Amino acid sequence: MSEMLANPSKGHIEVRNFSLSYDSIEGPVQAVTDTQIHVKPGEFVSIVGPSGCGKSTLLNAVAGFLKPTTGIVTVDGERVNGPSAERGMVFQQYSLFPWKTVRENVEFGLKMRGMPRSQRERAARTLLGLAGLEAFEKHYPDKLSGGMKQRVGIVRALATGPKVLLLDEPFGALDAQTRVIMQQILTNMWQRLKISVLFVTHDIDEAIFLSDRVYCMTARPGSIKAEIPIPLERPRQQSMMMSSEFLALRRGLMSLIREESLKAMGGEITDMGMQGLNIELHGHSLADVI
Amino acid sequence: MPATAVAEAGPAPAAPPKTPPKTPPSFGTLALRWYRLNQGRLRATAIGIASLIAFLLVWHLLTTYRVVFFVRFTNVPSPLAVYASFTKAIHDPKFLMHILLSCRRIFIGFSLAAIVGVPLGLIMGRFKLVHEIIFPVAEVLRPIPAIAWVPMAIMLWPTNEQSIVFITFLGSFFPILVNTLHGMSLVDPVLVRAAQCLGARERSIFREVYFPASLPHIFTGLTVGMGVAWVSLIAAEMISGQYGIGYFTWEAYSLVQYADIALGMIAIGVLGLGSSLLIRGAGQLVMPWRST
Ligand SMILES: Nc1ncnc2c1ncn2[C@@H]1O[C@H](COP(=O)(O)OP(=O)(O)OP(=O)(O)O)[C@@H](O)[C@H]1O
Ligand SMILES: [Mg+2]
């Protein structure tokens, strides 16, 4: 564990003048344009935005899976060109190796680094213990619930002691209660490891609850519409979600996203008149019910 | 920071709550539980046995009454006659040699097909250029049934034995290659990415992701390939063999030993079944994550 805590002041992500377009038959598709973001060492930063605005694109560029069309991505001043174990990633689709047990999954990064078997077994056990998963070390992933799979996914990404952790809607497929528990676990791990986190989510509450700062993106082509600091004190409790401070932040972010989501859906929907709809629902018109 | 359970579960965790010592369940309850758990399987086995017996019975009746109804059962041996020739054959070293030779041909031909087909499929799936070079040739050769190769094989190989093994090889090669390729094309790219950002390089990704991810399809290929290997072998033995269970069956026809025809057929069926069971067993050994 000490190895992981060795560089608490590392993990500075810097994305400058970033744009990225995909090639397609109809010509280039501009996914993200003119974007600057940064994550300070040890900071927890979220990206929210309407569906299809380029959040995953941005995150994948930081991970090194995509090359920016223009601009530059650096971590601690070093240019990112290709994936590396320095940047751990957690995917929405869990992405555990089905042919490896829970422990073997967690060991994978250490094995790639050439750590001897007994040593990495011990390391994996310790980490699994921290996530409350020691009883499942010999299970194959398809026997686990979604929440457990994602816990393994996070532990696996952290096992190599990366400088930054990137998460792309990691809890998107989980039910509400599991989500809350997972948020707690993630917060705990982040605080212990003092690692920088870049977190993509659809869920505004989740973004506020977890983050030090939230970037809100515009509809496609995505760019940064607003940067919202979250001054809520830590440790954060579930009860804070009812505080006026939280609710004010929530309202602000909500209206920003709503504006963009409407744009993303084509604009016309803004004035979708209810008067045109005369569907009968138990004697009420749809407009009344809504 | 709050002392949450997750953060502070140190190296000395509280002793896990022990289940109170229970009296072991009686034999009766155990038997009942076992029965409940295996009810479905027991039922399937029972019905399976009954249906096999029914099959034998119908066969017996059709042959003892020499039924002629479009098909003629006049000369077809009865199950008892086949059984009689079976008891005779198992003491006959010649019969055993036929079987052994067929098995050896299958073993060599099929093993070669797997040793060439699986790695080739993996490499073709990973490297576009190799795929682009080899795939067209494979696509042209693939639809040609292995049996159609018999004359060519006899020309190509100096001995009969080699040409028969070659036919067996060809029969199983293409199913193995095609299924391996298919497995490679279905590898989830997210898993490759996951491996990459855990520090895996090309070689490790190949070994730790592509290969295990393709294994289920590789085993489908091996199973199908084994089936086609037997089909091809028997045909080749009937046409050009001197030994082997296919030759035995054909020879029985020429020598008007009708019971031996059925015996040969059944032997072929049992050998085919046995070899596909072997492959399935190997699959379960190699892919423990897929069993149960
Ligand atoms: N390979 C691709 N080729 C062409 N266009 C793409 C490709 N991948 C993504 N896009 C487009 O780029 C835009 C941004 O995609 P991206 O997946 O980054 O959005 P997102 O914000 O993560 O969306 P979601 O919230 O649905 O996950 C989308 O409009 C998408 O249609
Ligand atoms: Mg996305």
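1. By class, the lining of the second largest cavity comprises 6 nonpolar, 1 polar and 1 charged residues, where Ala, Val, Leu, Ile, Met, Phe, Trp, Tyr, Cys and Pro count as nonpolar, Asp, Glu, Lys and Arg as charged, and the others, Gly among them, as polar. This is a predicted model, in which local features need pLDDT of at least 70, side-chain atom pairs count only at pLDDT 80 or more, and totals for chains, interfaces and linings use all residues. Residues are numbered from 1 along each chain as its sequence is written, chains are lettered from A and ligands numbered from 1 in the order in which they are written, and side-chain values use heavy atoms, with hydrogens and water left out.

2. The residues lining that cavity are Gly88(A), Met89(A), Phe91(A), Arg156(A), Ala157(A), Ala194(B), Cys197(B) and Leu198(B); a cavity is a set of points, on a 1 Å grid over the protein atoms alone, where a 1.4 Å probe fits but cannot get out, and lining residues have an atom within 4 Å of a point.

3. Cis peptide bonds join Arg220(A) to Pro221(A), with omega near -5°, and Arg234(A) to Pro235(A), with omega about -5°.

4. Glu169(A), although not a glycine, has a positive phi of about 45°, and at 13% relative accessibility it counts as buried (under 20% relative accessible area; exposed is over 50%, with a 1.4 Å probe and protein chains only). Phe70(B), also not a glycine, has a positive phi of about 65°, but is exposed at 81%.

Definitions and conventions. On a 1 Å grid over the protein atoms alone, a cavity is a set of points where a 1.4 Å probe fits but cannot get out, and a pocket is an open set with protein on both sides within 12 Å along at least five of seven lines; lining residues have an atom within 4 Å of a point.
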